[in-house]
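Subject: Structure handover

Hello,

Here is the structure you asked for. My notes on what was found follow below it.

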Amino acid sequence: MPEGHTLHRAARDHSPMLVGQQLQVSSPQGRFAAGAAQLDGHQCTAVEAYGKHLVYRFANHQALHIHLGLFGRFRTAKLFSKLSPKLPVKEPRGAVRVRMISTTHVVDINGPNTCEVLDPPQLAALIARIGPDVLRSDAEPDLAWTRISKSRVAIGQLLMDQAVVAGIGNIYRSEILWRQKVHPKTPGNQITRALFDQLWNDAVLLLEIGVKNNAIITVDGVKKSRSKYGERVNIFGKLVCPACATNIETFDLATRRVFVCATCQPPPA
Ligand SMILES: [Zn+2]
């Protein structure tokens, strides 16, 4: 399941390919033919991520809402290069739900969990359901703090609840809690404001690194190019704690596996 950095990276990558242009929008696979017809020929005005949701806004005030889910993926290609002024549009690969073509690029989306056209009230309702997004400059962390500080639910579960805080997925959850020495089972109402601020700030720091590198990197000072995935995280998928060599425990929390060092992250009383 992609975490928030994947969607913000896609928004950053797709914006210069599509924004300001009238797009040809189609559904090569056919399942989104009616939706594509509502957007076809209209100008794309913005591409934005809200947590794990991607929104392409159009000048006719309709928006394409994408949630990749477990199997969705993006594929982009250029329509020209310095060597060949006009490349042929590539044949769709696999079941392309929606294809958007500008004068310069083609963006294909395969297998999304959600692919729908939203009108302005529907889009506003979607955004209202999504908690403050650690990667958005307009996020209000106080909204997340209010929910967490009043909840007896485990912090490891609250951090995955996209209505509480948006963008953090399974890997970042384990990594952030380990870095801040918080046990995932600690109830939200036992988290102090200072500790919440640490968790929020670390999430912002790590997900921004994720957007920049298009990869999850939670070990300080490690670069993507020189290391494999396993060297870029501290605890997720590991057997022993890199800080104290205690055996890592794992258990399911919010239906996904969490990793914890009970020495560095003492369990709640
Ligand atoms: Zn440890």
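Two strands count as paired if DSSP finds at least two bridges between them.

Some ground rules. This is a predicted model; local features need pLDDT of at least 70, side-chain atom pairs count only at pLDDT 80 or more, and totals for chains, interfaces and linings use all residues. Residue numbers run from 1 along each chain as its sequence is written.

Tyr-56 stands opposite Leu-64 of strand 4. Four residues lie between the two strands of this hairpin, and His-61 has a positive phi near 70 degrees.

Strand 3 (residues 53–58) also pairs with strand 2 (residues 44–50). That pairing is antiparallel too, over six bridges. Cys-44 has Phe-58 as its bridge partner. This hairpin has two residues between its strands, and Gly-51 in the turn takes a positive phi of about 60 degrees.

Together, four strands make an open antiparallel sheet in the order 2-3-4-8. Strand 2 and strand 8 (114–118) are at the edges with a single partner strand each, so one side of each has no neighbour in the sheet. Neighbouring strands are turned against each other by 15 degrees on average, direction ignored. Axes are lines fitted to C-alpha atoms, for helices over the stretch in contact; angles run from 0 to 180 degrees between N-to-C directions.

Two helices go with this sheet. Helix 1 packs on it and touches strand 2 and strand 3, at about 175 degrees to the direction of strand 2. Contact means C-beta atoms, placed from the backbone, within 7 Å. Helix 3 (residues 120–129) lies across strand 2, strand 3, strand 4 and strand 8, and runs at about 130 degrees to strand 8.

Strand 1 pairs with strand 6 (residues 96–101) over three bridges, in the antiparallel sense. Val-25 has Met-100 in strand 6 as its bridge partner.

Domains

The domain assignment, automatic or from a database, gives domain 1 (4–129) and domain 2 (141–260). Their centres, taken over C-alpha atoms, are 30 Å apart. Nine residues from domain 1 and nine residues from domain 2 make the contact. On the domain 1 side, helix 1 (residues 4–18) gives the largest share, five residues. That side divides into one nonpolar, four polar and four charged residues. Here Ala, Val, Leu, Ile, Met, Phe, Trp, Tyr, Cys and Pro count as nonpolar, Asp, Glu, Lys and Arg as charged, and the others, Gly among them, as polar.

Best wishes
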